Amino acid sequence: MKTLRTQVGIVGAGPAGLVLSQLLHLQGIESVMLEARSRQYCEERIRAGVLEHGTVDLLNQIGAGRRMQREGMVHEGVELRFNGQGHRIDFRELTGKTITVYGQHEVVKDLINLRLSEQAQIFFEAEQVRISEFENAGNPTIRFLHHNEDYEVHCDFIAGCDGFHGVCRPSVPAGTLTLYERIYPFGWLGILAEAAPSAEELIYCYHERGFALHSMRSPSITRLYLQCNPNEDIASWPDEKIWAELQKRLEGPQGWLLNEGAVIQKGVTGMRSFVVEPMRCGKLILAGDAAHIVPPTGAKGLNLAVADVYVLARALESHYKTGNGALLDAYSETCLRRVWKVQRFSWWMTSMLHRFKDENRFDAKRQIAELDYVTSSRAASQTLAENYVGFPLS
Ligand code: FAD
Ligand code: PHB
């Protein structure tokens, strides 16, 4: 048995855990991270692609932004497409801000490199991770198995950054947390293709056959999504069928063509809205997907995870530097204000752009009217733009 002692034990090396450990490091606060998956798996897992301006600024400030500045694609707007016509929402004009398209796995790669270059302690492939003694005045402990050796980490606080399927949230005694949830009757089938993007910006498309999204990862890689059944079998979607469906749904103005290419990755994701309150139990503090999930239509999950740990790092800094626990005590409430605004936005974008099983002709007309309003009223466009580019980190 090996015993370690640190200030903050971080479970999970996703965006939340990695950004937190770097923020703490910059404040001279020690942490140990453990991650269930291998480094390679974390660095190759294809997920989010849109970074809010506040996320970009923070990554730059903590020294993780060099490659993002070179390779990230700054977007000044998005297109909403319906009835075969495109309508641009101009973020720069409406908010003075932009977003950056840069893959989550690239962010993770940059953060892991940075943390390891600073001799951070990250245990990849940690097995049988368990947490205990975090309630009230306890002595928080994380136990795990690493390369067949038992470890015990004693810490002041445990940061539960282990995502929706992690071990931290389920370790909280029953009855302590209140769950709020909505599961959607559809999922997204996503592909990564070796094809140049077909437009300079993202296209969110409402179509009678279902939602579709055109995004990208680089000047030669396109990321595309299709609304599908929540438990769709990917095996029943050969590449030709995916392209045919994308071509139909993304059909644009005369002369617009969707570029096709070799499909290098594909998968289906379910969609849910989920929040637990409070985001803390004694000395266990939850952050990111461990505490909340949003449907991806608003491109918010990663950004919300970063916003949580920004609040958490400042609270821990105040605790260690001044002994004042007020910010830690306010952590959950501070985060939840943003979380619920982002939940509302993500639910709204999802509701406006997808077809629902139980909808009728009235609902479809209402959705088109809403899209028409959002794209023709400056006030409504500005509301979408303000939420999409993200609120300042508080
Ligand atoms: P995660 O990234 O899930 O990280 C948690 C980590 O904990 C993982 O590495 C996991 O392996 C590890 N872990 C789990 N259990 C254990 C355990 N028991 N012990 C140790 N480690 C454990 N968000 C956006 O902002 N913009 C987008 O454009 C966007 N698009 C998306 C598209 C798709 C298809 C999907 C699926 C998600 C998208 N998201 C998007 C959401 C975003 O990917 C997540 O919100 C984000 O990954 C949350 O980060 P996190 O660090 O909280 O959790
Ligand atoms: C992506 O590029 O993966 C992406 C972009 C926008 C979204 C969701 C995902 O809303």
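These questions and answers cover aromatic pairs and charges over rings in a predicted model. Local features need pLDDT of at least 70, and side-chain atom pairs count only at pLDDT 80 or more. Side-chain values use heavy atoms, without hydrogens and water.

Q: How many aromatic pairs does a search of the whole structure find?
A: Rings of Phe, Tyr and Trp (its six-membered ring) pair if their centres lie within 6.5 Å. A search of the whole structure on that basis gives a total of 15.

Q: Which class of pair do Phe 186 and Phe 356 form?
A: Planes under 30 degrees apart count as stacked, over 60 as edge-to-face and the rest as tilted. The ring centres of Phe 186 and Phe 356 are 5.1 Å apart and the planes stand at 80 degrees, so the pair is edge-to-face.

Q: Is Phe 186 buried or exposed?
A: Buried means under 20% relative accessible area, exposed over 50%, partly exposed in between (1.4 Å probe, protein chains only). Phe 186 has 2% relative accessibility, so Phe 186 is buried.

Q: Which class of pair do Trp 188 and Tyr 225 form?
A: The centres of the Trp 188 and Tyr 225 rings lie 4.7 Å apart. Their planes are at 45 degrees, so the pair is tilted.

Q: Which residue has its ring face under Lys 300?
A: A charge sits over a ring if NZ of Lys or CZ of Arg is within 6 Å of the ring centre and within 35 degrees of the ring normal. Lys 300 is 5.8 Å from the ring centre, and the ring belongs to Tyr 388.

Terms used:
Residues are numbered from 1 along each chain as its sequence is written. Chains are lettered from A and ligands numbered from 1 in the order in which they are written.
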